[in-house]
Structure formats: structure tokens, C-alpha cells
Amino acid sequence: MKTLILVRHAKSDWPENTEDFDRPLAEKGIHDAEKMSHFLKEKNIEIEKFFTSPALRAFSTCEIFNKEYKVEIETIQKLYNASDTNFENITLGLDDQLNKVAMFSHNNGISNFANTMTDDMLIFPTAGVAGFEIDCDSWSDFHSANKKLIFFYDPKHI
């Protein structure tokens, strides 16, 4: 059994003359990321490794979560403006030694990908987190494996 956790980056700012890739987190985003990461840790949600978009707002969200988790972080360019196909391809290539991973990325891709795994209609708020149980021993079997939504958290409701 594998666990895949999807995290949308926290609320970002868009200062004048800043490219989309370089947008920093807003104060609210920093607060929500700290609150959500602490909440997950308190609920004993285990994560072995983080994969993140290299965009500043996603990477910063991941770093805040890592203050609680202290695991390896790997940046993956394909998680920036990722399509659901990008997410699936990344998942298919994960190391089978890893059983519980989190991916930090952006909307609309993260919501679209999550919705391929559940009958529920998920729309990720900033700093929103969804966890899925994937019934497989190898990530390469992800496509055909049964997938089950095990939690969906919105920072406004925790």
C-alpha cells in the first residue's frame, strides 16, 4: 500500500515586476502552511519524502512543512504548472522504497490530478492537502491501482 499526499502551495503574493515563477508567499500563506503542517504532524500523518515544484511559492510551502517533517526535498520542474499527466508520470517513476510521499504544486493541475483519483470533486484552496491510499506495492502500478481519498483538509477548517 502506498500513500500519495498532494499539497497546493500556500497563499502567495504578486509584487509588482515579479514573474509568476518568483512569487513569494504572503503572510497569510506562511501562517496557513505552518498551521497545516503542524496539523498533519499532530494527526500522525507520515511522509517519507517531499517532491516540489521549484517555483518560489511551492518550494517555500514545502520548506515550511519540512520544519515539522525533516525529510528529503526533491524539486521537479514538471510540478510547475503541471498537468494531470505530469503528476501521473512523476508518480509512476517514484522509488518503490518510498511508501508515503507528498507533492507540492499548483492549481489547476493539482485539483485536476486529484479528481482523476476520486469521485468527489476536489478544488484545492491554497495550502489545501489531500491524501490518497494507492493499492499497490510498486508505484509503476499506479495507473491501474485502486485509489481511495483518505483525507482532504482546508486550512480554513482545521
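Buried means under 20% relative accessible area, exposed over 50%, and partly exposed in between, using a 1.4 Å probe and protein chains only. By that scale Asp95 is partly exposed, with a relative accessible area of 44%. The model is predicted, so local features need pLDDT of at least 70 and side-chain atom pairs count only at pLDDT 80 or more, while totals for chains, interfaces and linings use all residues. Residues are numbered from 1 along each chain as its sequence is written, and side-chain values use heavy atoms, with hydrogens and water left out.

Helices (H or I, at least four residues) and strands (E, at least two) are DSSP runs, numbered from the N terminus. A polar contact is a pair of N or O atoms within 3.5 Å; within protein, one must be able to donate a hydrogen and the other to accept it, and residues adjacent in sequence count only if both atoms are side-chain atoms. Contact, or touching, means heavy atoms within 4.5 Å.

**Backbone geometry**

- Most residues other than glycine have a negative phi, and most peptide bonds are trans.
- The bond joining Asn107 to Asn108 is a cis peptide, with omega near 10°.
- Asn108 sits in the loop between β4 (100-105) and α4 (109-115).
- Asn17 has a positive phi, near 60°, and belongs to the loop between β1 (2-8) and α1 (27-42).
- Asn17 is exposed, at a relative accessible area of 78%.
- Ala127 also has a positive phi, near 65°, and is placed in the loop between α4 and β5 (129-134).
- Ala127 is buried, with a relative accessible area of 0%.

- Arg23 is part of the loop between β1 and α1 and is buried, with a relative accessible area of 13%.
- A polar atom of the Arg23 side chain lies 3.2 Å from the backbone oxygen of Asp13.
- Not counting residues up to four places away in sequence, Arg23 touches Ser12, Asp13, Trp14, Thr18, Leu56 and Arg57.
- His106 lies in the loop between β4 and α4 and is buried, at a relative accessible area of 3%.
- The side chains of His106 and Arg57 form a polar contact of 3.4 Å.
- Beyond its neighbours within four places in sequence, His106 has contacts that include His9, Ser53, Ala55, Arg57 and Tyr80.

**Asp95**

- Asp95 is located in the loop between α3 (84-92) and β4.
- The side chain of Asp95 reaches the backbone nitrogen of Gln97 at 2.7 Å.
- Asp95 and Ser144 are 49 residues apart in sequence, and their C-alpha atoms are 17 Å apart in space.

**Nonpolar cores**

- A nonpolar core is a set of buried Ala, Val, Leu, Ile, Met, Phe, Trp, Tyr and Cys residues joined through side-chain atoms within 4.5 Å.
- The largest nonpolar core has 25 residues, and those with the most contacts inside it are Leu4, Leu6, Phe51, Met103, Met117, Phe132 and Ile134.
- At least two residues of this core come from each of β1, α3, β4, α4 and β5.
- Another core, of 21 residues, lies apart from it, and its members include Ile5, Phe50, Phe104 and Tyr153.
- Met117 touches Leu4, Leu6, Phe132, Ile134, Phe142 and Lys147, not counting residues up to four places away in sequence.
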